[in-house]
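I opened this entry to look up side-chain packing and ring pairs. My notes follow the order in which I checked things.

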Amino acid sequence: MFTFVILVTRCENVKAFFKKTKYLGLNGVFQWTIIANFLIISDVNKVIAIWGDGMKNERTGVDTLEAINDAAVRLIGEKGIEKLTIRDICREVGIATGTFYNYYKSKNELVLHRLLYMDKHLREEVLPTLSGSYEEQMIQLMVGYTAHSIRKGVPYCSEIFQIIQTAHITPEQERQRFFYRCVYDIIAQGQCSGEFNAATDPHELTVMTIAFVRGLNVDWCRKDGIYDLRELVAKSMRIWLQGLK
């Protein structure tokens, strides 16, 4: 493999850049990326997107979807979900409006997709590791939930919680989330086993439990992540779950 590192300023697209710099004579398939003002080109088996100052987007379908998702989260943080338009997202990504509808039917569908994407972490990394009593499983679940927040960082999480706050998600839509079902299943099974008190409807307890933990995450974001969120969630959940017994 060989790599070119070239300082670039503005050009319309990759072919235009190659033409202007007389690199069209290169043979093979190349991978390129932008780091700061540098265009890095490598000889590989797959061409991936280039995106930079003044450059049009030449990316695969997966790259475009990720770019739409990232732009939506970023713009929600800047504009708020109510003022954000599909045109704003397309302008940020550098795609035609019609291209957006190849991936989402509406802005609301995009917002719900972002919330469902958060559940992927729980499904693949957290749920398979749960063990012990139902109390311990709940604590492990919530610590795993917060691990996603810590990994993504305060700015990203602040934007996601703004989505949750302003997306007007119905109770039915909330119940469809994998996270909700995980919390509900642990509470319901704990009630059936006698570990948790069965006097309160498990759906009500699920809503309250999620709101409690979400509040801890929001507070962590508001305070710029200055304390150990995992430790606080584990300690707070243990206290919270005593009230379910």
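**Rings, cores and cysteines**

I began with charges over rings: the charged end of Arg 123 sits over the ring of Phe 178, 4.3 Å from the ring centre. The model I am reading is predicted.

I then looked for aromatic pairs and got a count of four. In one of them, the rings of Phe 100 and Tyr 104 have centres 5.9 Å apart and planes at 45°, so I logged the pair as tilted. Phe 100 and Tyr 104 are both buried. Ring pairs also join Tyr 101 with Phe 100 and Tyr 104 in a cluster.

Phe 212 and Trp 240 make a stacked pair, with 4.7 Å between centres and 10° between planes. Phe 212 is in helix α10 and Trp 240 in helix α11, so this pair ties together parts 28 residues apart in sequence. I noted Phe 212 as partly exposed at 27% relative accessibility, and Trp 240 as partly exposed at 25%.

Next I checked the nonpolar cores. The largest has 34 residues, of which Met 138, Leu 141, Met 142, Val 183 and Met 237 touch the most other members. Helices α5, α6, α7, α9, α10 and α11 each supply at least two residues of this core, and α9 gives the most, with seven. A second, separate core holds 17 residues, including Ala 71, Leu 84, Phe 100 and Val 111.

For Met 138, I set aside neighbours within four places in sequence and found contacts with Val 183, Ile 186, Ile 187, Thr 209, Met 237 and Leu 241.

Last, I searched the whole structure for disulfides and found zero. Cys 90 is buried at 2% relative accessibility, whereas Cys 192 is exposed at 74%.

Definitions and conventions:
Residues are numbered from 1 along each chain as its sequence is written. This is a predicted model: local features need pLDDT of at least 70, side-chain atom pairs count only at pLDDT 80 or more; totals for chains, interfaces and linings use all residues. Side-chain values use heavy atoms; hydrogens and water are left out. A disulfide is a pair of cysteine sulfur atoms within 2.5 Å. Buried means under 20% relative accessible area, exposed over 50%, partly exposed in between (1.4 Å probe, protein chains only). A nonpolar core is a set of buried Ala, Val, Leu, Ile, Met, Phe, Trp, Tyr and Cys residues joined through side-chain atoms within 4.5 Å. Helices (H or I, at least four residues) and strands (E, at least two) are DSSP runs, numbered from the N terminus. Contact means heavy atoms within 4.5 Å. Rings of Phe, Tyr and Trp (its six-membered ring) pair if their centres lie within 6.5 Å; planes under 30 degrees apart count as stacked, over 60 as edge-to-face and the rest as tilted. A charge sits over a ring if NZ of Lys or CZ of Arg is within 6 Å of the ring centre and within 35 degrees of the ring normal.
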